[in-house]
Amino acid sequence: MYLFANCVAFFKCDYEGTRRVACVTSGGTTVPLEQRCVRYIDNFSSGHRGAASTEHLIKMGYAVIFLYRRGTCEPYCSSLPDDAFLECFEVTKESAVQVCQPYSEAVKRAIRDHHAAVAGGLLLKLPFTTIFEYLQMLQMIAVSSRSLGPCSMFYLAAAVSDFYVPWKSMAEHKIQSGSGPLDIQLLQVPKMLSVLRKEWAPMAFCISFKLETDAEILLEKADMARKKYGMHAVVANELLSRKEQVVVVTNNGKIPVYRDKTSSDSDVEKPLTKLLVDRHSVYIKDSNT
Ligand code: PAZ
């Protein structure tokens, strides 16, 4: 209920205007193995793609709902150490807390940019952990954003579990190790992308991501996903090169996007989001005619 109220309030302020709203999903979903969860299946996603893309989209005028895995990268934190709170701050002799000198500029910038985005109504961060939370929250966001029509964008960079244990067949208590080898049947997670496109937010501009480790099958699988789920674009990436290059697969062809290697602080998300925002502009224009 609280989440729904939050989303509605977030959208309402832009309803009269022309603000575009992107829902960026980020990080990996977990699959609990027990109802009183002690163990779960996880994946590698760091959330870097989603966090960096969020910053670029906000810079380009979007309001972003950042649906992210608790504990993964968040926008405006990339230049801070992993344990920012403990490493960036120190206690003075007078018991005041101050920023340690080497991090002074990075911390100030992160705090300033984050506060500006939140105070300006341009960033709403919603954390998830499990696949169940993720799908429920995505549905709620999509349904609440329906009234934005083509002005809403779904940028689905989260690594969503393919297999899960249904709640009803999940052990209630911690699985005992003395009972021999573990035999659990995982069911396939229903593909919610078609439901998102057809029912939850049929007018939204939808971009999904496809990750493979085998370059031979990547582009074909991305194009198959585009057609099967009716995506406007699928971003294809390989595990090892994902920070350097991606390929945007659309119905007009395949466009490679590279990180600018001449600059050390550049990322592939900058040209990627620019390309997708341009495509979104064309989509909005076509929807209005
Ligand atoms: O989160 P990250 O920056 O470490 O990696 C990004 C990514 C590879 C998870 C993303 O680009 C992606 O491909 N997501 C979809 C993965 C999939 O389900 O195929």
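This is a predicted model: local features need pLDDT of at least 70, side-chain atom pairs count only at pLDDT 80 or more; totals for chains, interfaces and linings use all residues.

Trainee: How does the reach of H7 compare with what is expected at 1.5 Å a residue?

Mentor: Helix H7 covers residues 215-229, which makes 15 residues. From the first C-alpha to the last it reaches 22 Å, close to the expected 21 Å.

Trainee: What makes Asp-214 a cap for the N-terminal end of H7?

Mentor: A side-chain oxygen of Asp-214 lies 2.9 Å from the backbone nitrogen of Glu-216. Just after H7, Gly-230 takes a positive phi of about 65°.

**The sheet**

Trainee: Which strands make up the open sheet, and in what order?

Mentor: Eight strands, in the order E7-E4-E1-E8-E11-E12-E13-E14, with mixed pairing.

Trainee: Why are E7 and E14 called edge strands?

Mentor: Strand E7 (123-128) and strand E14 (253-258) each have a single partner strand, so one side of each is left without a neighbour in the sheet. From one strand to the next, the twist averages 20°.

Trainee: What makes E11 and E12 a pair?

Mentor: Pairing needs at least two bridges, and six bridges join E11 (residues 205-212) to E12 (residues 233-238). These two strands run parallel. As one example, Leu-211 has Asn-237 as its bridge partner in E12.

Trainee: Why is Arg-259 called buried?

Mentor: Its relative accessibility is 19%, and buried means under 20%, so Arg-259 counts as buried. You will find Arg-259 in the loop between E14 and helix H8 (269-288). Leaving out residues up to four places away in sequence, Arg-259 touches Lys-243, Glu-244, Ser-264, Ser-266, Asp-267 and Val-268.

Trainee: What makes the phi of Tyr-76 worth a mention?

Mentor: Most residues other than glycine have a negative phi. Tyr-76, though, has a positive phi near 70°. The residue sits in the loop between strand E4 (62-69) and helix H3 (84-88). At 12% relative accessibility, Tyr-76 counts as buried.

Trainee: And is Ser-95 buried or exposed?

Mentor: With a relative accessible area of 59%, Ser-95 is exposed, as the cut-off for that word is over 50%. Ser-95 also has a positive phi, about 70°, although it is not a glycine. Its place is the loop between strand E5 (89-91) and strand E6 (97-99).

Trainee: Why is Val-99 called partly exposed?

Mentor: Val-99, in strand E6, has 28% relative accessibility. Buried is under 20% and exposed over 50%, so Val-99 falls in between and counts as partly exposed. Among the residues Val-99 touches are Cys-88, Phe-89 and Val-107, not counting residues up to four places away in sequence.

Notes
Residues are numbered from 1 along each chain as its sequence is written. Side-chain values use heavy atoms; hydrogens and water are left out. Helices (H or I, at least four residues) and strands (E, at least two) are DSSP runs, numbered from the N terminus. Axes are lines fitted to C-alpha atoms, for helices over the stretch in contact, and angles run from 0 to 180 degrees between N-to-C directions. The expected span of a helix is 1.5 Å times one less than its number of residues. A polar contact is a pair of N or O atoms within 3.5 Å; within protein, one must be able to donate a hydrogen and the other to accept it, and residues adjacent in sequence count only if both atoms are side-chain atoms. Buried means under 20% relative accessible area, exposed over 50%, partly exposed in between (1.4 Å probe, protein chains only). Contact means heavy atoms within 4.5 Å.
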